Amino acid sequence: MLSTNLYNSHDLTRKREIQIDTLKVFNENVTEKIFDKEYFVEFPTRIGSLRMIIDLGPKFPLEKPIIKVYPRINHKWVDSAGEIVLAPGLINFTIHSDLGRVVQVIRREFELDQSLTLANGSDSYSGNAGSINNTIASLSNDIELCSLAKLTSAELLRLNNNVDCLDEFISELPSIEASNKSIENTITKIMDLANSNMSKEESLTNLRAEISKQLEKIELYQASYATLSTQYVKLCEKYSPQSISDNLKNAALKCDEESERIAEQFLAGDMDCDKFLQVYVKSRTMSYTRKAKEERLSYQLKQLKKAGF
């Protein structure tokens with residue numbers, strides 16, 4: 001046997017839980033009698049139903065479990081007290097063994113053994129209707145089992161042998177009736193909700209069409225906005241104070257060039273005096289006006305720059 005010093009309490013608790021889980025995984029009809037300690041496994045054999053009682057001691061899984069079979073049977077693995085002592089899985093049981101598979105092997109051995117017989121003084125577990133009644137009576141605090149506890153042995157056997165009678169009995173149980181009513185109410189609510197959703201289908205279709213139209217308008221507005229934004233940027237650049245100042249300077253230079261050209265034509269005799277005076281004075285006046293505006297605007301811009309604008 002392995003020393004408990006090799007495992008701390010947390011490891012042992014976890015391994016114990018895993019062993020119990022394997023018991024439920026590899027075997028059907030597992031009943032927890034006492035939490036974390038005692039479990040029942042019921043199974044059919046040629047002599048009727050048997051029950052294995054699995055007792056997990058405080059040191060399990062460091063110590064092997066105690067497994068008994070009820071009612072007592074004649075078998076090479078079972079002693080006179082009904083304890084299973086010679087099953088190979090129990091004899092060689094260690095902390096690394098698998099409780100679920102050990103019990104499964106024992107159960108399969110009993111199920112397939114055609115020579116299995118009851119020990120003297122034992123009654124078949126499945127054929128003893130009084131035992132069934134006693135078991136049901138002990139659980140009569142359960143509201144559903146109260147209905148079973150009121151039945152006679154003959155009625156219980158009839159339920160066990162007739163599927164239609166069993167289905168009818170189950171359907172009349174309070175909890176089943178309540179569940180059926182709850183299911184019907186839920187179905188009704190789902191149908192009402194489905195009908196309500198269907199009634200809104202036309203409205204939703206119209207809303208989708210309206211949203212599509214609005215999205216088309218938004219796309220047009222976005223395209224228009226992009227075009228206008230580009231125009232706005234160009235106009236801002238064109239009519240910015242610095243741009244106006246540069247344009248005035250360039251325009252004044254053009255007027256000066258035009259004035260020189262007019263003077264050269266007059267000196268060359270290509271223009272009479274009256275026309276020269278009219279055209280030349282107009283050109284020079286425009287040049288002086290534009291220079292004055294450009295100088296004034298440049299001065300204002302410098303003042304604004306000094307002020308932090």
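## Strands and how they pair

Helices (H or I, at least four residues) and strands (E, at least two) are themselves DSSP runs, numbered from the N terminus. This is a predicted model, in which local features need pLDDT of at least 70 and side-chain atom pairs count only at pLDDT 80 or more, while totals for chains, interfaces and linings use all residues. Residues are numbered from 1 along each chain as its sequence is written, and side-chain values use heavy atoms, with hydrogens and water left out.

Have a look at Arg-51, which lies in strand β3 (residues 48-55). Arg-51 has a relative accessible area of 15%, so it counts as buried. (Buried means under 20% relative accessible area, exposed over 50%, and partly exposed in between, with a 1.4 Å probe and protein chains only.) The Arg-51 side chain makes a polar contact of 3.0 Å with the side chain of Glu-42. A polar contact here is a pair of N or O atoms within 3.5 Å; within protein, one must be able to donate a hydrogen and the other to accept it, and residues adjacent in sequence count only if both atoms are side-chain atoms.

## The nonpolar core

A nonpolar core is a set of buried Ala, Val, Leu, Ile, Met, Phe, Trp, Tyr and Cys residues joined through side-chain atoms within 4.5 Å. The largest one has 26 residues, and those with the most contacts inside it are Met-52, Ile-67, Ile-73, Ile-84, Val-103, Ile-106 and Phe-110. At least two residues of this core come from each of α1 (9-26), β2, β3, β4 and α3 (99-112). The most are given by α3, with five residues.

## Backbone features in the loops

One joins Phe-60 and Pro-61, with omega about 10°, and Pro-61 sits in the loop between β3 and β4. Another runs from Tyr-70 to Pro-71, with omega near -5°; Pro-71 is in the loop between β4 and β5 (73-74).

Asn-29 is not a glycine, yet has a positive phi of about 55°. Its loop lies between α1 and β1 (30-34), and Asn-29 is exposed, with a relative accessible area of 52%. Asp-36, also not a glycine, has a positive phi of about 65°. You will find Asp-36 in the loop between β1 and β2, partly exposed at a relative accessible area of 26%.

Ile-211 lies in helix α9 (residues 201-238). Together with Leu-204, Leu-207, Leu-215 and Ile-218, Ile-211 forms a nonpolar surface patch with about 450 Å² of accessible area in total. Areas come from the Shrake-Rupley method with a 1.4 Å probe; for residues, only the protein chains shown count as cover. Patches are made of residues with over 30% relative accessible area and no salt bridge, with like charges joined within 9 Å and nonpolar side chains (Val, Leu, Ile, Met, Phe, Trp, Tyr) within 5 Å. A salt bridge is a side-chain nitrogen of Lys or Arg within 4 Å of a carboxyl oxygen of Asp or Glu.

The side chains of Ser-245 and Glu-294 are joined by a polar contact of 3.3 Å.
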